[in-house]
Amino acid sequence: IPVKIFTTPKEGSKYAAREIAHLIRSKADQGLPCVLGLATGSTPISLYAELVRMHKEEGLSFKNVITFNLDEYYPIEPETLQSYHAFMHRNLFSKVDVDPANIHIPDGRVAKDKIKEYCQKYEQKIEAVGGIDLQILGIGNNGHIGFNEPGSSRYSKTRLVTLDNSTRVANAREFQNISQVPRMAITAGIQTIMGAKRILLMAWGLKAGIVQKAVEGDVTEHIPASILQQHNDCTFVIDELAATELT
Ligand code: F6R
């Protein structure tokens, strides 16, 4: 996997934002939509801040952008502060000119007996717009991408999953205490992610150990991010700290 190392998360985020802006504009010039796969969590906050800045100061328009978020907690109401719906609106969607009709985030309110059908429809919507042009990813300390925890199949698609305890502990910072962290999530699958034409995985700071395993270790479902080694256009965008264990 090609790795681009930046001095700070801000520099890495600026690189990713420029790549996204370039793609949005070149698609717009051809009269085409630009389909972005988006992540939440602490990692892409500086990326979204940079995209918002480019919208405000450099005229970057999101009018031709279609978005699909990777995941959402289950169950959760979109209005809940900690939901990924709320996160995306706070950090990006409310601050740019994206058409709300073009935004897709898994719905944490779907009735249990409707989830299978709902997830199939999510996949079909991605296919209907021609697939994801550029997928943004973070990485969990356990190697998860989206909420595809260790052991997820290479062939998994959008589905309801149970979060690892370590993921709930890591995400407890956003909640009052760990018991408030939902136990499940709806996530795009590994196959869904691998279907993207291009992937940028971002990682900052204390992720050096898992970055090393994903980039240089065996390809294994125990480290879902290692499967990205089999993608033909995936780049890791990391800072110097996250690069400290690469050989
Ligand atoms: C979020 C997601 C997760 C995060 C990962 C890292 O939509 O899919 O895989 O990217 O848990 O989270 P942070 O960035 O908070 O360290």
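Colleague: Two strands pair if DSSP finds at least two bridges between them. With that settled, which way do S7 and S8 pair, and over how many bridges?

Modeller: Strand S7 (residues 159–162) and strand S8 (residues 184–187) are antiparallel, with four bridges. Val161 has Ala185 of S8 as its bridge partner. Strands are DSSP E runs of at least two residues, helices are H or I runs of at least four, and both are numbered from the N terminus. This is a predicted model, so local features need pLDDT of at least 70 and side-chain atom pairs count only at pLDDT 80 or more, while totals for chains, interfaces and linings use all residues. Residues are numbered from 1 along each chain as its sequence is written.

Colleague: Thanks! Which residues of S7 are on the covered face?

Modeller: Arg159 and Val161 are on the covered face, and Leu160 and Thr162 make up the uncovered one. In a regular strand, side chains alternate between the two faces of the sheet.

Colleague: What about the seven-stranded sheet, what is its strand order?

Modeller: That open sheet runs S1-S10-S9-S6-S2-S3-S5, with parallel pairing. Strand S1 (3–6) and strand S5 (103–104) are at the edges with a single partner strand each, so one side of each has no neighbour in the sheet.

Colleague: Which residue is the bridge partner of Thr67 in S5?

Modeller: Ile103. Strand S3 (residues 65–69) pairs with S5 over two bridges, in the parallel sense.

Colleague: And S6, are its residues buried or exposed?

Modeller: All are buried: Leu134 and Ile136 point one way from S6 (residues 134–137), Gln135 and Leu137 the other. Buried means 20 or more other C-beta atoms within 10 Å of the residue's own, exposed means 12 or fewer, and partly exposed is in between, with C-beta atoms placed from the backbone.

Colleague: How many bridges join S6 to S9?

Modeller: Four, and the two strands run parallel.

Colleague: Changing topic: which residues touch the most other members of the largest nonpolar core?

Modeller: Ile139, Leu201, Ala203 and Val211, out of 65 residues in that core. Strand S9 (residues 198–203) gives the most, with five residues. Such a core is a set of buried Ala, Val, Leu, Ile, Met, Phe, Trp, Tyr and Cys residues joined through C-beta atoms within 7 Å.

Colleague: What is Ala203 in contact with?

Modeller: Beyond its neighbours within four places in sequence, Ala203 contacts Thr43, Gly138, Ile139, Val211, Phe236, Ile238 and Ala242. Contact means that the C-beta atoms, placed from the backbone, lie within 7 Å.

Colleague: Last one: is the peptide bond from Tyr74 to Pro75 cis or trans?

Modeller: It's cis, with omega near -10°. Most peptide bonds are trans. Pro75 is in the loop between strand S4 (71–74) and helix H3 (84–91).

How values were computed: Contact = placed C-beta atoms within 7 Å.
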